[in-house]
Amino acid sequence: MCGIVGYIGPRAADEVVVAGLRRLEYRGYDSAGVAVVHDGEVTWRKRSGKIARLAETMTAVPLPSSGLGIGHTRWATHGAPTDANSHPHVVGRVAVVHNGIIENHEQLRENLVAEGAEFASETDSEVAAHLLARELATGATLTEAFRRVVQQLEGAFTLVAIDSNDADRVVAARRNSPLVVGIGEGEMFLASDVSAFIEYTREAMELGQDQLVELTRDGAVVTQLDGAPAETSRFHVDWDLSAAQKQGYDWFMRKEIFEQPKAVADTLLGRLNNRGEIQLDELRISPELLRRINKIVIVACGTAYYAGLVAKYAIEHWVRVPCEVEVASEFRYRDPIVDPMTLVVTISQSGETADTLMAIRHAREQHAKVVAICNTNGASIPRESDAVIYTHAGPEIGVASTKGFTTQLAACYLLGLYLAQVRGMKYGDEIAAILAELQRMPELIQQLLDRQQNVLELAVEMQAEPSVLFLGRHVGFPVALEGALKLKELAYIHAEGFPAGELKHGPIALISQDLPVFVVVPPKSRDQLHDKVVSNIAEIAARGAKVVVLADAADEQARKHASVFIELPTTSTLLQPLVAIIPLQLFACEIATLRGHDVDQPRNLAKSVTVE
Ligand code: F6R
């Protein structure tokens with residue numbers, strides 16, 4: 001939520017900052033602004049709406065040339081998305097941008113108003129600008145004044161500030177909200193994520209919790225908020241600018257759907273040692289401890305939660321350890337039973353989701369070990385976990401998660417197989433057979449992407465539907481939930497996912513010729529699962545509904561009742577979600593495009609949900 005950029009160096013700061021904001025726009029896009037220091041003055045432009053509107057204003061009324069600037073793209077929490085509520089907030093000498101929520105803002109505001117401060121916005125963030133102006137008035141340096149301010153703030157923040165009297169410095173601090181430093185030659189960058197400065201440098205430094213950074217043209221000095229020295233770690237970003245560009249696609253989302261064969265292959269890459277055993281290098285938890293755990297709890301939000309639901313089926317089947325899956329925002333509020341024998345697995349593409357982060361803290365307080373499955377190097381979630389499995393999917397910029405989901409699935413399967421291996425629950429050849437099937441999945445996903453035409457035609461046919469149901473059973477159920485979520489968030493069509501077996505316990509009352517139903521059919525296997533789902537399809541078809549069936553290409557039983565049949569490649573039941581979700585992603589992307597929506601930036605949403 002909210003994207004932040006800061007720059008100091010020889011380039012035109014306004015251009016660097018706006019270019020960075022464009023790459024962070026996925027984080028929030030209801031207003032934006034930029035401030036620079038020029039000739040001992042802070043000058044700024046800010047506008048409600050997307051960055052394109054801000055850019056128009058900056059073309060009409062250009063900012064003065066400057067090598068020092070900050071910028072912000074907003075996802076509103078306190079105060080509507082108006083010009084006045086946009087950041088930066090400028091008070092006297094200072095300009096401030098903020099991401100997060102200052103929880104004690106009301107009290108701070110009251111005190112400031114009592115002292116005579118006049119507020120120009122309804123935001124919680126503006127208090128930080130007033131506090132900073134007040135501290136600077138005591139004669140403190142920018143860094144010292146800033147340190148005093150952040151120590152007064154409660155809640156979550158990434159705060160960045162500049163001072164018109166100090167053209168050699170940008171200061172910033174973070175608590176529960178992301179911030180990375182980009183290290184260039186004679187220039188330095190700050191941003192909510194590396195994509196904002198990837199065009200200029202791939203060398204970066206993570207900022208830890210409760211740290212403050214002072215940036216000059218020549219480097220960065222990092223300290224704890226209280227001034228104590230801080231340890232930092234540098235890293236090299238292993239992707240480049242092209243990964244953060246659309247490369248001819250109309251939407252980042254479509255590009256990311258098509259990147260899935262490579263993304264899944266990258267998640268699986270290098271996970272076997274020379275004895276053919278699974279090796280998860282980043283999993284810094286000893287096999288002895290993994291043998292002792294007696295329960296697994298998976299915690300995540302949204303799409304990542306659905307990946308967790310799939311993981312439960314695989315883990316319980318392969319590892320024979322009870323596995324619960326819980327929405328992160330519910331987890332810590334219900335006093336969950338978690339102890340040192342519990343392995344908590346968190347799943348997060350961004351690594352910054354506040355609900356998931358808070359769940360991790362709660363789990364660690366109960367002395368549980370936490371493994372994060374994450375896509376973003378050095379983000380808060382992997383930093384605060386005991387171990388991490390990175391998905392290596394490359395940047396996911398479209399707000400709706402696609403390659404995030406499939407790579408999370410791949411990582412969950414790897415974790416499940418690894419646990420089965422260390423706990424001796426499967427023979428080596430059984431694990432090798434499942435791994436071999438996993439390795440084939442990128443090719444199967446590619447086959448589906450190569451024949452997407454029928455899905456695109458279906459989207460044309462269904463673009464005016466007001467409501468759609470999605471059904472699945474076993475691992476097909478989370479796929480149904482994810483298919484419904486994609487349609488809701490992108491096409492703004494009411495959609496719900498149900499376990500197919502629940503149909504006759506209520507939802508069947510909705511079935512009529514006016515309600516299309518998608519059904520994910522599991523492959524034929526030893527149990528009755530497939531036949532039960534085929535019976536469900538027959539029940540729906542008998543009531544006149546249009547049934548879109550996703551099933552194995554050779555599944556003639558399922559095809560018989562289908563109004564539209566979407567062929568899936570042959571897989572085992574547990575791995576089917578990796579292919580079954582692809583047509584549903586394409587369908588949602590296409591229908592949203594046809595309805596004229598902004599697919600990459602759906603209304604009211606933000607990519608990285610850093611508030612609870
Ligand atoms: C839906 C979507 C969200 C995220 C959820 C968790 O398309 O993207 O539901 O999956 O907000 O985000 P991460 O994975 O970043 O923790």
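## Helix α9

Helix α9 is mostly covered, with 13 of its 18 residues buried (buried means under 20% relative accessible area, exposed over 50%, and partly exposed in between, using a 1.4 Å probe and protein chains only). The structure is a predicted model, in which local features need pLDDT of at least 70 and side-chain atom pairs count only at pLDDT 80 or more, while totals for chains, interfaces and linings use all residues. Residues are numbered from 1 along each chain as its sequence is written, and side-chain values use heavy atoms, with hydrogens and water left out.

Helices (H or I, at least four residues) and strands (E, at least two) are DSSP runs numbered from the N terminus. Helix α9 comprises residues 302–319, and its 18 residues should span 26 Å at 1.5 Å a residue; the computed distance between its end C-alpha atoms is 25 Å, which agrees. The expected span of a helix is defined as 1.5 Å times one less than its number of residues. After α9 comes arginine 320, whose phi is positive, near 60°.

## Aromatic pairs

Across the whole structure, a search finds eight aromatic pairs. Rings of Phe, Tyr and Trp (its six-membered ring) pair if their centres lie within 6.5 Å; planes under 30 degrees apart count as stacked, over 60 as edge-to-face and the rest as tilted.

This pair links distant parts of the chain: tryptophan 318 belongs to helix α9 and tyrosine 413 to helix α13 (residues 403–422), 95 residues apart. Both tryptophan 318 and tyrosine 413 are buried. Elsewhere, Tyr7, Phe189, Phe197 and Tyr200 form one aromatic cluster.

## Charges over rings

A charge sits over a ring if NZ of Lys or CZ of Arg is within 6 Å of the ring centre and within 35 degrees of the ring normal. Lysine 50 lies over the face of tyrosine 29, at 5.2 Å from the ring centre. For arginine 603, over the face of tyrosine 492, the corresponding distance is 4.0 Å.

## Salt bridges

The model contains 32 salt bridges, each a side-chain nitrogen of Lys or Arg within 4 Å of a carboxyl oxygen of Asp or Glu. In one of them, glutamate 590 meets arginine 254 at 2.9 Å, N to O. The pair joins distant parts of the chain, with glutamate 590 in helix α19 (residues 577–594) and arginine 254 in helix α6 (residues 252–258), 336 residues apart. Glutamate 590 is buried at 12% relative accessibility, and arginine 254 is buried at 11%.

Salt bridges that share partners also join Glu135, Glu144, Arg147 and Arg148 into one network. Within it, the closest N and O atoms of arginine 147 and glutamate 144 are 3.9 Å apart, and those of glutamate 144 and arginine 148 are 3.7 Å apart. Arginine 147 and glutamate 144 are three residues apart in helix α5 (residues 142–150), about one helical turn; glutamate 144 and arginine 148 are four residues apart in helix α5, again about one helical turn. An α-helix has 3.6 residues a turn, so residues three or four places apart point the same way. Arginine 147 is buried at 11% relative accessible area, whereas glutamate 144 is partly exposed at 33% and arginine 148 is partly exposed at 31%.
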